[in-house]
Amino acid sequence: MNIYAKLTILCLFLVLFTAGVLSFFADQKVEQTLKEEIVTSMTQQSKGISSDIGRFMFSRLNDIKMAARNPYFVDAGVDPELLTERLQELENLNSLYYSFSFFNNDRIRIADSKRISIGKQHPNDSYWAKLESGQDVTVNVSKSVSVGRVVMHFASRVYDDLNQQVGVLVGRILVDELYKIVGEYSLSADTSRNLDIHLIDNEGKILYSNTNPSSILTAQYSQFNLISPLNEPGVNFLETEDALYFVTRETNYLSFEGNDWILILSIPKERAYAPLTQIRSQILLAVLPVIILAIILSLIAANIFVKPIVKLSNAAEELSKGNLDVELPTGSKDEIGKLAKQMANTSQSLIGQIEEQRQTNKQLIDQKTQIEMQKNQLMQVSSQIRDSISYAERIQRSTLPPIGTLRGVFPESFVTYKPKDIIGGDFYWFERVRRGNNEYMIVACGDCTGHGVPGAIMSIMGSNQLTNIVYYQNYLDPKKIISRLDKVIKFELQRETEEVNRDGMEIGICVIDLDTLKMEFAGAGIPLRIMKHGSEKLTIYKTPRQMVGGIEGDEQEVHAQLSKDVIQLDVKDRIYLSSDGFQDQFGGDFDKKFMSKNFNKLIEQSSNKPILEQQKIIESTFRDWSKNTSQTDDVCVLGFEVK
């Protein structure tokens, strides 16, 4: 293959490669922009629909509450026929309502605007149960006993002038009216990208559906298990492989506290991203003429630059054969012309040497340039990696609680934290919490699988999930905290229940009642060490060698596999939690592990010192042991003295 063909192929490759890269990034940017627009639009529509439903429920409850104050309903001796006429007037005044009924305190229907089931007792279910629990007004969606259709029941107690309940007023609105409130929503002006809208209760039963009205009250929402964990305030966004979900939990509207209903807006990705196909076609039509023009220009440029080289190459070939009379292209004043003149004035043997030397020099220059480029690239990548890890260290450090939190309760305390790399998989967590009139101090030490970046990610997940479990899920029992943490980590890692996996973390958790000094301890893989005041021997509470996030079974089964110790603490008792990094450290004269028995002995021998001095002894012992050996694992040791 001659140089003309090679240069032509190279130009074509560069043109096509550049076009491909630009098209790829343009496509990614368009898709990202479209997704952001979809998320913004559906979030706003979710908020609007949720607000409309809340406003509708609040207004109807106010309607029924005001109607219940009518003197006709308060008078126990009023003629039922007059009550029926009054109910018919209420129905005529508001076309939203399908019918009204008045019941006495025994759930006997006294009057009905449709004259249905008068004199019959209503079953004690649905809204009756809510009224009997103490609510004055309530609403529910169910199939009406008298009407035989799915309706929204708005019920209110009726009181006389002495504030004694004399009955219950019930208004019914067909669930079809929700279609007028919710309506049809779409991501575009046409109806090709309509949204699927569902309203469900907290058990997943469908109360409203714009895609399958026949499923109302007869079926559970098919993706309930998927969206049920989404319980953050506002609109929760969830993206799966096939669809986008926007979940809004019902909140109070003015004085209406809500029914804990869940509004779900969803759309299949194929429907949501339908405009991408048209946009990609437009991009292709715009780029294709440019590619064709670039190919033509590259062919012309290749011909212009290669033609003199081909002539000179032919002449050099003739010279190599001993034809010194060959015509050289010496007319040009560029490098090719100069070389032709030199070749014309040099013997056949020198031509070969000069050409060989020139090629050798060119190769050396190219190699040097390439080495310099690679060196610069390596230096840049190395700098970026260092900067990224340093930033990751700041992020991880920000998730660890300040030692002042522990010293605010136990002034004599310390934490020794030494990641193997800049960041690590060990972490500690402690916080003071209040439950009722009691205050508790929760102290935890965790050791995640791996170290460096993978371990740091796991440690941040563990620390954040502990905060979520204790603060927002109000867990206090250490066994329950660990079993819930195991469940959450499995969910975060998208791990199947039956999967056997050793990834996760070892952890030990102490929960101390600050009023009684009673401590509950549970753990998985991390033991508890206690030095009782006046004692010279450690008391060690061992834990099962399990990995949180990899324990087989569901949350209840995991809870059953764990154990809990209840310990009565006394003033000046010392408590220690640590990962296995200290005792697993290689070092000493024979490069062996430090071992747990030596670690226990170190704590016993230094426990008579002030706790900060004990910390210095522990850290200096670690430095002396490992001075000739690199650190084996992340190290975390925390201790505190009961005040």
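Predicted model: local features only at pLDDT ≥ 70, side-chain atom pairs only at ≥ 80, totals over all residues.

Biologist: How far apart are the closest N and O atoms of R115 and E81?

Modeller: They are 2.6 Å apart, and the two residues form a salt bridge. R115 sits in the loop between β2 and α4, while E81 is in helix α3, so the pair ties together parts 34 residues apart in sequence.

Biologist: What about R157 and D136, which parts are they in?

Modeller: R157 is in strand β4, and D136 is in the loop between α4 and β3. That pair ties together parts 21 residues apart in sequence. Their side chains meet in a salt bridge at 3.7 Å, N to O.

Biologist: Is R157 buried or exposed?

Modeller: R157 is buried, with a relative accessible area of 16%. The cut-off for buried is under 20%. D136 is partly exposed at 42%.

Biologist: Which residue does D573 form a salt bridge with?

Modeller: K532, with the closest N and O atoms 2.7 Å apart. The pair links distant parts of the chain, 41 residues apart. D573 is in the loop between β18 and β19, and K532 is in the loop between β16 and β17.

Biologist: How accessible is D573?

Modeller: D573 is buried, at 1% relative accessible area. K532 counts as partly exposed, at 24%. One more item on charges: salt bridges that share partners join K35, E239 and K269 into one network.

Biologist: Switching to cysteines. How many disulfides are there?

Modeller: The structure holds 0.

Biologist: C510 is in β14. How many residues of that strand are buried?

Modeller: 9 of the 9, so β14 is largely enclosed by the rest of the structure. M505, I507, I509, V511 and D513 point one way. E506, G508, C510 and I512 point the other way.

Biologist: What does β14 pair with, and in which sense?

Modeller: β14 pairs with β13, antiparallel, over 9 bridges. D447 has E506 as its bridge partner there. β14 also runs antiparallel to β15, joined by 5 bridges. In that pairing, I512 stands opposite M519.

Biologist: How many residues lie between the strands of the β14 and β15 hairpin?

Modeller: There are 4. L517 takes a positive phi in that hairpin, near 60°.

Biologist: Last topic, helix α12. What span should it have?

Modeller: Its 21 residues, at 1.5 Å a residue, should span 30 Å. The end C-alpha atoms of α12 are 29 Å apart, which agrees.

Biologist: Which residue follows α12?

Modeller: N474, and its phi is positive, near 60°.

Notes: Residues numbered from 1 in each chain as written. Heavy atoms only, no water. Buried < 20%, exposed > 50% of the residue type's maximum accessible area, 1.4 Å probe, protein only. Helix = DSSP H or I, 4+ residues; strand = E, 2+ residues; numbered from the N terminus. Pairing = 2+ DSSP bridges. Disulfide = S-S within 2.5 Å. Expected span 1.5 Å × (residues − 1). Salt bridge = Lys/Arg side-chain N within 4 Å of Asp/Glu carboxyl O.
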